[in-house]
Every structure is written in structure tokens, then in C-alpha cells.
Amino acid sequence: MKRKIITLFIIYFHCSILSQEITGKIIDFLSNEALSDVAISTNINTGTVSDKNGKFIISVKNVSSLTFSKLGFEPTTISIKNLEKLNYTIALKEAVTLLDEIALSLPKISLDSLLMKTTRSMKKNHILSPLKNSFLWNTAERFNFKNPKITLKHSSLFKGKIKKHAKNTLDEFADNIEKGKFNILHSYSGIVEHINSTSKKDNKKFLSTKPDSLIGYKPEINNTPFSLETQRKELTKLILKFLDTNKTYKVKSGLFKIEDSVSLKKTTQHKNSLTNNTFNSFKILDYLSEANKIGLFYTKEDENNFMNPKYYKFKLLQNEFLKSGNSYVVEFKPKKSSAKHQGKIYINPKDFGITKVEYQYAKGKKGEYLNLKLLLGVKHAKRTNFGKIIYEKNMNNNYYLAYWKDSVESYTYANRPFKFIENSEKKNKLKIAIKFEAVVSEINEIYFYDVSLKKEHKFLSSVDKDFFLKKISYSNNREMLKKLEKEQEKLVHFLKNKE
């Protein structure tokens, strides 16, 4: 009887303890995914941790509330009564502010060691070829003109009313350029392959790139095609309207001959460049190749390598917590006059791979600079440059270039004379002067996705002899445009998850 009483007491006591334990689950507020390693603490300083499925068991004897905390999420305190109402399921919200309060500690490492390991890691783990992937390239340009002037300097061809009419026409042409909103917006999409090739001439290795399945799109709104060359041709055609249609003329600018025989009849035979609805595949190839060069900046021996200690000086900044995870951050600034950029390099602490690079012209630096103002009346300078490079990982944890954005603002000044010389014994002449200032803003961004490795070092489809010179029409096909819209949505989603 005593044994039965003791057994019943033990069972009662055990059940009493169990009745004061609760089982719950912790999930992400947005994704509803289970959260592991969440610290659960009571108001009497006892606690536990959630398992890989987000579940936990904890005794709540003499406990009035529980606090749930995890790095990157807002700490949450809930009373036991409210836990019952939530059916013991707790949703934690991601902490999007107050990052300073989060412990961002990483293993300490010397700057030299970090740079060395990063360079070694990228050379080892960055895949380039043989490779096949889809791409989206967005490009935009804007021309802003200030006080353009076209002055009729001398003419043995115009007289009286014709001369006055020509002058008024040239003034109107200049006014239209100043008032015009010249915005160029283009998008290109397709598939690109990369393979390693060897030159037959000098046996040197190089990267061979082939774009395929190309689609080009240019919106009609605020998208007047424009270039200084097309405007010169339009101006030439305008002037020829005042000249003898039965004669041809030589066009010179300063000491340089531009065209030897132009006439109104010849220019009207050509398709107006402003209505051109084609693009050259070589243009896309050139930009894709440039993107690949930028993506391999760490392999360069010159000032284009932001990690080259010969041209740049470095500083290890405070770690930053990005959506991709905690990162080492290295600041770089010019060390030599030939180095032009400054910025930040974000490094993955797990494998020392680069996740992101941000760069811009350093203070007092500028890009291409040409000043022939006194000699030829031309001045050109790249004034600002902002760029961003983002690397992604594939399923094998290898890095590849996923995104590159480059923004440039340039200043151009021109004050050039143009002569129209009649191809005849008299050699009558018309001389005009064109003067303008312009600020040109250009933004390019390329996004690589659906990256796949190839087994063979050869293109999947044969390369046509004249492929890279082939002209392709911009598409207005609805299905193609829907495909392009989906790619734009992919790009927006990608950037949202990286910033």
C-alpha cells in the first residue's frame, strides 16, 4: 500500500510539473518561415532556445512573461495569457532600423591579410567561363544644352532676303535644340555565352563573348533619338535647302575635310537617322565585354584595380550588416595621381569573397579630359562618375558578376566653324559658326541572371560570319515586351534584396 501511495504521488508530481511547461513555435512575421536559435528568456531569468524548426519547450511555473530575441529581429516580450491567445505561435519582425544596437562583431583581422585573402578568394572562386546566362541592359542619356548659337559668318552664296531667311532658320534650329528634351531610353535583353579562346596569331588566351536571342526596346514617350553627329547631318540638310540643288559641296570644319561631295538630292535619298529603328549587335557585345572587365577589376595591374596597393590606400571601417549578411568593409582612396576613384568594398567574412563594390570619382578627380579650345574650339570632360558592382553566388558557392551600374556626367563645349564650298570653278563659299555648351548624363546598368555552367568550351550555336555587324530591329511585339517587363521586375526584386 505504501508503494502504491508513493507511485501515485510521483505520477501526480510529474504531471503537475508537465502541466506548467508550454510548447510553442517562432516564425518570421513576413515569410512565416520557422526561426531557429531564438533566445527565449523568462522574467525570472530562466530560458531556452528554439530548435531548427522554430519550436521550443519551457517551464512557466511562477513566470508571467517571456522575451524572444534574435540578431536582426526586434525583441518581443509577451505575457503568458497573451501567448495562449496566440496559440503559442510568436511572429518576430525584422529589425530595419537602429542597426547600431545590433552586435556587429566579426573575428578581428589585419587589413593586409583581409585584402590578400579577398584577392585570392575571388581569383579562385569567381566563375567566368564556360558560362551561359540571360541579361538585361538598361541605358539612358539626357542632353541639356545651354545657349546654342549658329551664326552665319560669311556667304558668297546667299544674298538679300535669302540670307535673312537662312539666318532666321538657323536661329530657330538652335532654339529648338536648347528647348528640346533629348532623353534616350533603351533596354536590351538576350542570352550571352562566354568561353575561353586562344588567338591563332600569337597563341594568347582571351575571353570570347557571344550574345544571342537579342531583343531591343525603346519607348516612344520622351525618347527623341539624338547625337551631335545626327544634328550635324540635320543642319547640313537644312543648309543645303538654300543652296543650288543641282550642285554638290565640300564640307570642312577648320582645316579638316568632313565630306567631299554633299547635295540635297543625296541627303534626301538616305533614311533619316532620327527615325532609325535598328540597333547593331556589336554595341551590345561591346558593353557586355566592358561589364566583364569591370567584374574582374581585382585581377588588373593598373589603377582600375581598386584593391591594388600601388595605386590606392585602404582603411578597415566598421562592419556593416546588409541583407546578404554581416560584412567587412574596406574603404579605398587614391594613392597616386593616376588613380581616380574612391569607395567601399564589402567582403563576406565566411569565404572572403566580394559581395559589393561602390565607387565614385575622388575629390578633385575627373575622367576623360580633352581641351583643344584654343586650337580646335573643343573641350570635353567627364565630371562625375558613380558606380556599383554586385556579385552573387551560384549553387556551388562560386561568385559571378550579377549587376553593374555606371553613371557618368560629362561637359562638352564646342565652337567650330563649318564651310560649304561649291564644287565648281567659282568655288562659292558659305561659312557658319556653331557654338554650344552641353551637359550629358548617361546611366547604364546590366543585370545577369539564370546563370548556368557549360561543360564544353564552345558556343552552343554557331557564330555567323557577319553576326557582330548585323542590325536588328527594335521590337514592338507584345509577347516580347511582356518578357522584358518580367525581366525588369526581376531586377527590381534583386536590388531590393541586396540593398
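Are Phe297 and Tyr298 buried or exposed? Phe297 is buried, and Tyr298 is buried too. The model discussed here is predicted.

## Aromatic pairs

A pair of aromatic rings is described by two things: the distance of the centres and the angle of the planes. The structure has 15 aromatic pairs. One of them joins Phe297 and Tyr298. Their ring centres are 5.7 Å apart, with 80° between the planes. That pair is edge-to-face.

Tyr312 and Phe332 form another pair. Here the centres lie 5.6 Å apart and the planes meet at 90°, so this pair is edge-to-face. Tyr312 belongs to strand β14 (residues 312-322) and Phe332 to strand β15 (residues 325-334), so the pair ties together parts 20 residues apart in sequence. Tyr312 and Phe332 are both buried.

Ring pairs also build a cluster. Its members are Phe297, Tyr298, Phe306, Tyr312, Phe332 and Tyr359.

## Charges over rings

The charged end of Lys336 sits over the ring of Tyr311, 5.8 Å from the ring centre. The charged end of Lys356 sits over the ring of Tyr346, at 4.7 Å from the centre.

## A buried glutamate

Glu445 is part of strand β21 (residues 429-453). Glu445 is buried, yet it has no salt bridge. Which side chain of opposite charge is nearest? That is Lys405, 4.9 Å away.

Glu445 does have a polar partner: its side chain makes a polar contact with the side chain of Tyr403 (2.5 Å). Beyond its sequence neighbours, Glu445 touches several residues, including Leu136, Trp137, Tyr287 and Leu491.

Definitions and conventions:
Residues are numbered from 1 along each chain as its sequence is written. This is a predicted model: local features need pLDDT of at least 70, side-chain atom pairs count only at pLDDT 80 or more; totals for chains, interfaces and linings use all residues. Side-chain values use heavy atoms; hydrogens and water are left out. Rings of Phe, Tyr and Trp (its six-membered ring) pair if their centres lie within 6.5 Å; planes under 30 degrees apart count as stacked, over 60 as edge-to-face and the rest as tilted. Buried means under 20% relative accessible area, exposed over 50%, partly exposed in between (1.4 Å probe, protein chains only). Helices (H or I, at least four residues) and strands (E, at least two) are DSSP runs, numbered from the N terminus. A charge sits over a ring if NZ of Lys or CZ of Arg is within 6 Å of the ring centre and within 35 degrees of the ring normal. Lys and Arg count as positive and Asp and Glu as negative; His and the chain ends are not counted. A salt bridge is a side-chain nitrogen of Lys or Arg within 4 Å of a carboxyl oxygen of Asp or Glu. A polar contact is a pair of N or O atoms within 3.5 Å; within protein, one must be able to donate a hydrogen and the other to accept it, and residues adjacent in sequence count only if both atoms are side-chain atoms. Contact means heavy atoms within 4.5 Å. Lists of a residue's contacts leave out its neighbours within four places in sequence.
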